[in-house]
Amino acid sequence: MKYTFRGGYHPPDGKSFSEKMPIDKMPAPKIAAIHLHQHIGAPSKAIVAVGDDVKVGQPLSEAGGFVSVPVHASVSGKVKAIAKVADAAGVKSDAVIIESDGKDEFFEGVGVKTDYSNFSADEIKKKISAAGIAGMGGARFPTHVKLSPPAEKKIDYIILNGVECEPYLTADDRLMQESPETIIEGMKLMMKVVNAANGIIGIEKNKPDSIRIMKEKTASEKNMKVIELEVKYPQGGEKQLIVAAIGKEVPSGGLPMDVGVVVSNVGTANAVYEAVALNKPFYERVVSVTGESIKDPKNVLARIGTPTTELIEYAGGVKEDVYKIINGGPMMGAAMYALDAPVHKGTSGILCLSRENAAVYEEQPCISCSKCVSVCPSRLLPTDIQLNVQHKRYEEAEKLGIMDCILCGTCAYVCPAKRNLVHYYNIGRAKIAEMKKKK
Ligand code: SF4
Ligand code: SF4
């Protein structure tokens, strides 16, 4: 059976820079700036004050609603300020700024092994929520919310996303090779929460070591399987992964739960295990610091709140030919506006590119070649949507399915005229959301 989806494209993957580099635990920063809002949903609310002493894993905030998660201290030390700090896109929002005391002392109970074998589904979910877990694959959706479908939505599958189809990034690949047992245990916990009978781990064929290890480790699990996916971007999109894994299409405007599925990233599964079994909140994550313009590409385990500049220094610094630094991968990531922006829960990579690979082009008129149509994994008409947004015909763009666009950028990548298509989709989607809010 061929596990894949319709459309898509395979850009050069650039993974060789860091795919062989083991996860390297980098030192805790002297100053950690931890944003209160690092997830989709309501910002969390600070529960510490300037001058408080805090320890690693201590909650700094409480959830601001059901679709919200708290944040935790990633270093021990003193709260120096709660102030506006710019994120990678340059958007300023409140962050708790901690000056480390260098002791790295843990908050009471953090890291203590727990016998969770008799935990109920509700107890597991509460642990996940209290640990501040939000999807690590980029969408940053609170995990406990994903695991709370309405009663009428029966969940048959947990599908773990080990695809990592974004070029250059290798954090998930390394995690699958180095922590397969904890990822599998995290998946079992999620299956228990939603009472799913089956677990599937989807990995692209260009990660043979991860495939071999995950197959070995799941060999005795009757209700789990590892599937080898065709190498094609955006294979890691939720809808594309579901169709490849079980052949079901999520309806337009629908969610994976509509076809009985919850999709979760492998890093998220690992974080779920740590939250439940080790009482460890989400205060660190694996980040690929990579690209042809970084001296010593690495996969680092970095504390949330570490300035990006420290990750770059830890990887030997940038080469002279560096032209662009991207937060995330080259397809869906964005050029960094503020280089000292702190690591977030959704930071999967810091990518340092030379001018040659930084895709700097001048937009040309559309030549109606329809290449964008043939690769769109959401079966949209990219150029028609773009034209409608350009002429402020937002209702038309909505009718053409702009809200089903997953912003994967494949259309823009293949476009010979180098149309800045995704830029228009972002504008159009924001306008439509604004119009709906007003209504
Ligand atoms: S229209 Fe959207 S979903 Fe389709 S290729 Fe372009 S960015 Fe991806
Ligand atoms: S790929 Fe570019 S040039 Fe070709 S139809 Fe689409 S927008 Fe126009």
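The residues of the shell around ligand 2 divide by class into 8 nonpolar, 3 polar and 2 charged, where Ala, Val, Leu, Ile, Met, Phe, Trp, Tyr, Cys and Pro count as nonpolar, Asp, Glu, Lys and Arg as charged, and the others, Gly among them, as polar. The structure is a predicted model, in which local features need pLDDT of at least 70 and side-chain atom pairs count only at pLDDT 80 or more, whereas totals for chains, interfaces and linings use all residues. Residues are numbered from 1 along each chain as its sequence is written, and chains are lettered from A and ligands numbered from 1 in the order in which they are written.

Of the 13 residues around ligand 2, Cys366, Cys369, Cys372, Cys415 and Ala417 come nearest, a residue being near a molecule or strand if its C-beta atom, placed from the backbone, lies within 6 Å of it. Helix H9 (371–375) and helix H10 (382–390) are the elements that give two or more residues to this shell; helices (H or I, at least four residues) and strands (E, at least two) are DSSP runs, numbered from the N terminus. Ligand 1 is surrounded by 15 residues, the closest of which are Cys376, Ser378, Cys405, Cys408 and Cys411. By class, the shell around ligand 1 holds 12 nonpolar and 3 polar residues, with no charged residues. Helix H12 (410–414) and helix H13 (421–438) each supply at least two residues of the shell around ligand 1, and the largest share, 3 residues, comes from H13.

Within H10, the residues Pro382, Thr383, Ile385, Gln386, Asn388 and Val389 are buried; a residue is buried if 20 or more other C-beta atoms lie within 10 Å of its own, exposed if 12 or fewer, and partly exposed in between, with C-beta atoms placed from the backbone. These buried residues of H10 pack against H9, helix H11 (394–399), H12 and H13, and just after H10, Lys392 takes a positive phi of about 60 degrees.

The domain assignment of the protein gives domain 1 (28–110 + 281–356), domain 2 (111–277) and domain 3 (371–438), the bounds coming from an automatic or database domain assignment. The C-alpha centres of domain 2 and domain 3 lie 29 Å apart. The contact between them takes 6 residues from domain 2 and 7 residues from domain 3, two residues being in contact if their C-beta atoms, placed from the backbone, lie within 7 Å. On the side of domain 2 that touches domain 3, there are 2 nonpolar, 4 polar and no charged residues.

In soluble globular proteins, nonpolar side chains tend to be buried together. Here, the largest nonpolar core has 97 residues, of which Ile133, Ile159, Met190, Val272 and Val287 touch the most other members; such a core is a set of buried Ala, Val, Leu, Ile, Met, Phe, Trp, Tyr and Cys residues joined through C-beta atoms within 7 Å. Helix H7 (residues 266–277) gives the most to this core, with 8 residues. Domain 1 and domain 2 both give residues to this core, so the core lies between them. A second, separate core of 17 residues includes Val375, Ala397, Cys405 and Ala412. Leaving aside neighbours within four places in sequence, Val287 is in contact with Ala171, Val300, Ala302, Leu311, Val343, Thr347, Ser348, Gly349 and Ile350.

Ile159 belongs to strand E8 (residues 157–161), both faces of which are covered, with Tyr157, Ile159 and Asn161 buried on one side and Ile158 and Leu160 buried on the other. E8 runs parallel to strand E9 (residues 198–204), to which 5 bridges join it, and Leu160 stands opposite Ile201 in E9. E8 also pairs in the parallel sense with strand E11 (residues 261–265) over 5 bridges, where pairing requires that DSSP find at least two bridges between two strands. In E11, Val263 is the bridge partner of Ile159.

An open sheet of 4 strands has the order E2-E7-E6-E4, with antiparallel pairing, and its edge strands, strand E2 (31–35) and strand E4 (53–54), each pair on one side only. Within this sheet, strand E6 (residues 77–86) and strand E7 (residues 92–100) run antiparallel and are joined by 9 bridges, with Ser93 in E7 as the bridge partner of Val85.

Ile124 is found in helix H1 (residues 121–130) and counts as buried because it has 20 C-beta neighbours inside 10 Å. Apart from neighbours within four places in sequence, Ile124 is in contact with Phe119, Leu189, Lys192, Val193 and Val276.
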